[in-house]
Amino acid sequence: MNSTPHRITKAVIPAAGLGTRFLPLTKATPKEMLPVVDKPAIQYVVEEAVAAGMSDILMVTGRNKRPLEDHFDRNYELEEALQRRGDQDKLDSVCASTELADIHYVRQRDPKGLGHAVLCAAPHVGREPFAVLLADDLIDPRDPLLARMAEVRARHGGSVVALMEVGPEAIHQYGCAAVEGPSGAAGVRITDLVEKPEPGTAPSNLAIIGRYLLDPEIFEVLRGTSPGRGGEIQLTDALRALVRAGRPVHGVVFSGRRYDTGDRAEYLRATVRLACEREDLGPGFLAWLREFVRAEELAGV
């Protein structure tokens with residue numbers, strides 16, 4: 001199987017999840033369309049892929065995900081109305097999402113897990129290496145994780161997984177990697193992977209976060225991967241099979257700014273952080289926030 005490094009131009013964004021942690025909102029609204037300040041979370045992820053040189057995006061969607069397609073499509077009536085009003089700033093913001101990349105869609109008909117969602121991308125990806133970006137994870141553009149991962153892949157070939165240190169009380173919520181080697185520019189070699197280990201059994205404190213650069217051989221492995229944790233086809237299990245077959249799988253340990261918009265509390269924190277950093281919103285919002293916190297502290301005395 002060929003694992004020679006090539007420039008990666010294709011990205012897959014699984015977006016078929018039900019978003020149960022945000023019910024009742026996600027009964028009719030895709031969780032990927034939740035606004036982070038004034039852009040849906042999914043747009044930040046697409047922008048990250050584009051910034052890393054990926055111009056061909058495939059979204060793996062499910063039922064009730066039509067708003068994703070509408071957001072990245074043209075809205076002629078709205079554009080014409082803004083044009084007539086001379087509101088160029090709003091017109092530019094509306095058009096920005098339609099001009100980001102060449103975006104395609106495929107439906108995951110059955111909710112069989114992340115591994116199955118990635119497998120749905122096989123006809124589109126073909127025999128090229130590709131990226132997988134999970135829509136719940138927002139990576140701050142000032143910390144270009146995908147660029148680091150591409151450097152590691154150029155050095156070693158094969159597949160590369162993003163890792164992050166988490167506390168022992170949280171590691172059971174993630175896929176977990178056992179690694180060899182120092183955490184540096186060359187990346188770490190992954191020696192084993194476990195999907196959501198039972199408390200006290202994790203091989204390390206390195207959690208897999210939602211960024212992958214994958215060799216196309218992963219599709220062949222996924223086709224033979226049985227359902228695992230939660231009765232779903234797990235991408236972690238397929239990567240583990242690659243490791244056990246002696247194929248190169250490396251990790252990049254990320255310590256930058258990451259926002260988990262799939263968790264309600266983290267979503268709120270992400271919105272506050274990003275709003276505070278905006279030139280147009282930050283000064284006024286931050287001043288209000290300080291007053292709010294001060295008032296709450298006084299009320300609690």
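This is a predicted model: local features need pLDDT of at least 70, side-chain atom pairs count only at pLDDT 80 or more; totals for chains, interfaces and linings use all residues.
User: Why is Val 37 called partly exposed?

Analyst: Val 37 has a relative accessible area of 22%. Buried means under 20%, exposed means over 50%, and partly exposed is what lies in between (1.4 Å probe, protein chains only). At 22%, Val 37 falls in between, so it counts as partly exposed. Residues are numbered from 1 along each chain as its sequence is written, and side-chain values use heavy atoms, with hydrogens and water left out.

User: What makes the backbone of Val 37 worth a look?

Analyst: Its phi is near 65 degrees, a positive value in a residue other than glycine. Val 37 sits in the loop between E2 and strand E3 (39-40); helices (H or I, at least four residues) and strands (E, at least two) are DSSP runs numbered from the N terminus. Asn 64 also has phi near 65 degrees, again positive and again not a glycine. Look for Asn 64 in the loop between strand E4 (56-61) and helix H2 (66-71).

User: Which peptide bond is cis, and what is its omega?

Analyst: The one joining Leu 23 and Pro 24, with omega about 10 degrees. Pro 24 belongs to the loop between strand E1 (10-14) and strand E2 (35-36).

User: How do you know that Glu 48 and Arg 211 form a salt bridge?

Analyst: Their closest N and O atoms are 2.7 Å apart. A salt bridge is a side-chain nitrogen of Lys or Arg within 4 Å of a carboxyl oxygen of Asp or Glu. An Arg and a Glu at 2.7 Å meet that, so the pair goes on the list. Because Glu 48 lies in helix H1 and Arg 211 in strand E11 (residues 206-214), the bridge ties together parts that are 163 residues apart in sequence. The whole structure has 22 salt bridges.

User: Why is Ser 159 called buried?

Analyst: Its relative accessible area is 1%, so it lands under the 20% limit. Ser 159 is part of strand E8 (residues 159-165). Contact means heavy atoms within 4.5 Å, and leaving out residues up to four places away in sequence, Ser 159 touches several residues, including Leu 213, Leu 214, Asp 215 and His 250.

User: What makes Ser 159 and Asp 215 a polar contact?

Analyst: The backbone nitrogen of Asp 215 lies 3.0 Å from a polar atom of the Ser 159 side chain. A polar contact is a pair of N or O atoms within 3.5 Å; within protein, one must be able to donate a hydrogen and the other to accept it, and residues adjacent in sequence count only if both atoms are side-chain atoms. At 3.0 Å, the pair is within that distance.

User: How do you know that Thr 236 is buried?

Analyst: Its relative accessibility is 4%, so it too falls under the 20% limit. Thr 236 lies in helix H9 (residues 235-244). Among its contacts, not counting residues up to four places away in sequence, are Gly 175, Leu 193 and Ile 208.
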